[in-house]
Amino acid sequence: MGRKNRTRQRAQPNRDGRPEGKRNRDDAGWGAGYSEIIKENKLFEHYYTELKIVPEGEFEEFMEAMREPLPATIRITGYKSHAKEILHTLKEKYFKEVQDLEVDGQKIEAPQPLSWYPDELAWHTNLSRKILRKSPLLEKFHQFLVSETESGNISRQEAVSMIPPLLMKIEPQHKILDMCAAPGSKTAQLIEMLHSDMDIPFPEGFVIANDVDNKRCYLLVHQAKRLNSPCIMVVNHDASSIPRLHFDQDGKKDILFYDRILCDVPCSGDGTMRKNIDVWKKWTTSNSIHLHGLQIRIAVRGVEQLAVGGRMVYSTCSLNPIEDEAVIAALLEKSEGALELADASADLPGLKYMPGITSWKVMTKEGQWFSDWSEVPTSRHTQIRPTMFPPTDPEKLANMKLERCMRILPHHQNTGGFFVAVLVKKAPMPWNRHGSSADAPVEAVEVSSARCVSGPPPPKKMKLFGFKEDPFVFLTEDDPIFPPIQAFYDLSPDFPKLNVLTRTREGKKRNLYMVSKELRNVLLNNSERMKVINTGVKVWSRNNDGEQFGCAFRLAQEGIYTLCPYIRARIINISVEDVKVLLTQENPFLSKLGDDAHTQAKKLEMGSIVLRYLPDPQDLDAPQCPIDLCGWRGKTSIRAFVSRNECLHYLRMVGVEVFRDKQGKRNDGSTETQEESTEDAEGLSQEADLLEQEDHNNSCVSITLQIGQIELKLCKNSHISQKIFLRSH
């Protein structure tokens, strides 16, 4: 994160210490590569035996767990109104289908909820990615996971990675900074928590997600965009010198302080040995020693920008106290009482963890131990620093309450290793107290013969790397592009049109995006101070054909839930059966809709529309959450504009199962004969395009839609034209 510029051309380390761009072969599944790596490291065992971070009598169990593959874990996105529907589908269908199966001699255990994650929204299983991809018995479940992940309804995320956002206690009004955010799984959690009340399209709070690596920022954008939030901004800075931002408050410029900060710093990653197997042979104590200073600089920069009364969660996927308790102790000592370790022991009932330790030693890669800074020879002073040791003053050490830190050990709940600490800011940092403004000049870090005294890192001049992004240009009060949009969709008077932006200063505006009022404030006041990679959710796309109908912009599905509270026209209320028709037929005639929807559609002129399903509390077999789809009312037909994976998601919600299989095989394994085929069914060609996979063997890829007792089967390859086989059971 905070390395010198010359290293930016090299592969950047991930948070677990692996170079970016190097694929972890073990991610492909258990036993998929790395057979040549022996899961032994005597130095690792010697080091952690000596430090006693594992309870007495449990070290062998700890090491055995480290050698075992990591269970697969998934998280259902909690802020979307569809979360309960997804959970119901998983529990009642897919989990029941996979339990008690045996694949390649391995018994598949029924997935279990993580006991400490709220509302059963996180689950773990012994299913590996390799088994999921290769086993025909699990093909439907695998396709379900892939499509729901892409549509943002499920996140495949390591269990311990879910902990830090939960400890932040996010509320919708909070201003949040994620300092080292890529690849973005924790960022996604923060966004979900911000949108916990789906009736509020624009929460007062926002998330600014930062990463130093320009390329990884785009991975972060991909993760965040799945959630379609107007309250997320991705920026590209060195976290140890991330710029201080300003915003307008009550007509005056003020400094932006964050209510919550996630400081998930780069680390040596020895808690990830279960999935990153090359850590076994590469592990030395040098990794932690080299990262310690960077971790302190990032954490100091974080607490500087934290509001008084705010919480910062510091976390690593390392078990090493040099990266964990030593960093926290250095922060507390620098703060001179401004920071306090919070007691988070009751925040996640069911989570097993070890309290932080108060005594540790430093070991070199050659195996030489030092118990105190005074023992370190002068020749090693540039590598081993005083902040790597625990405070020598017993009273000062006791007041830090380092036991409030939390270390998760792999053998306790079958997870990876992890460390987390919650800091609360009680007062401004001491180097900011001499002036009324926290933006006052800061001093450089000084080192005494004992320990490091108060002071943040010196400010660095901002340097920009990577691609030059298109500008973010907000619409003006009198922008001529907006009145036709407002009239066509009859937007309510409280619609925040000044929050609409585009990505071009000249020429025709292709897409329109929206951000929250607070993010607009940040953007307008810091354009020269930060490098913004992406922000805003797309709400309208230019459609030149629409001009003849009164509006050149059609609705975009990505922003439909942001816009819908303000749209008062162009809405057609639809039923479950209408949803099935719209998502399985490309351009159905208006007459294909139910009577009520058909009547509504006939009253509307051609152009972009909202197709809205509202749940019926009396019909418990139907989805119990609202569905809004973007559509187009044509001259005699109607269609929905929905991405592939969202289409599959909504079809599953209304009881239509969609999956792929090879031609000639029914679900029961018997062969499909040509005589069983009947007439072509109009409108499913779109689904073929959406679901078709690249075919390397010229074998046929088929799509099966199951609606009640009717199964619709579509096949396409280079030799066979599109055909639909309808079969009644």
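Author: Contact here means heavy atoms within 4.5 Å. The model is predicted.

Reader: Which residues is isoleucine 481 in contact with, leaving aside its neighbours within four places in sequence?

Author: Isoleucine 481 sits in the loop between β20 (473-474) and α14 (482-489). Its C-alpha is 8.9 Å from that of lysine 509, 28 residues away in sequence. With neighbours within four places set aside, the contacts of isoleucine 481 are Leu475, Lys509, Arg542 and Phe553.

Reader: Is isoleucine 481 buried or exposed?

Author: The relative accessibility of isoleucine 481 is 14%. Buried means under 20%. Isoleucine 481 therefore counts as buried.

Reader: How does leucine 43 class by relative accessible area?

Author: Leucine 43 lies in helix α1 (residues 42-51). Its relative accessible area is 21%. Buried means under 20% and exposed over 50%, so leucine 43 is partly exposed.

Reader: Which residues is leucine 43 in contact with, leaving aside its neighbours within four places in sequence?

Author: Glycine 367 is 324 residues from leucine 43 along the chain, yet their C-alpha atoms are separated by 7.6 Å. Beyond four places in sequence, leucine 43 is in contact with Trp283, Thr284, Met363 and Lys365.

Reader: At what angle do the axes of α5 and α19 cross?

Author: Helix α5 covers residues 139-150 and helix α19 residues 644-653. Their axes come within 8 Å. The crossing is left-handed. The angle is roughly 115 degrees.

Reader: How many nonpolar, polar and charged residues are in the contact of α5 with α19?

Author: From α5 come Gln143, Phe144, Ser147, Glu148 and Glu150. They meet Asn645, Leu648, His649 and Arg652 in α19. By class, that contact has two nonpolar, four polar and three charged residues.

Technical notes:
Residues are numbered from 1 along each chain as its sequence is written. This is a predicted model: local features need pLDDT of at least 70, side-chain atom pairs count only at pLDDT 80 or more; totals for chains, interfaces and linings use all residues. Side-chain values use heavy atoms; hydrogens and water are left out. Helices (H or I, at least four residues) and strands (E, at least two) are DSSP runs, numbered from the N terminus. Buried means under 20% relative accessible area, exposed over 50%, partly exposed in between (1.4 Å probe, protein chains only). Axes are lines fitted to C-alpha atoms, for helices over the stretch in contact, and angles run from 0 to 180 degrees between N-to-C directions. A crossing is left-handed if the near helix is turned anticlockwise from the far one by less than a right angle, and right-handed if clockwise. Ala, Val, Leu, Ile, Met, Phe, Trp, Tyr, Cys and Pro count as nonpolar, Asp, Glu, Lys and Arg as charged, and the others, Gly among them, as polar.
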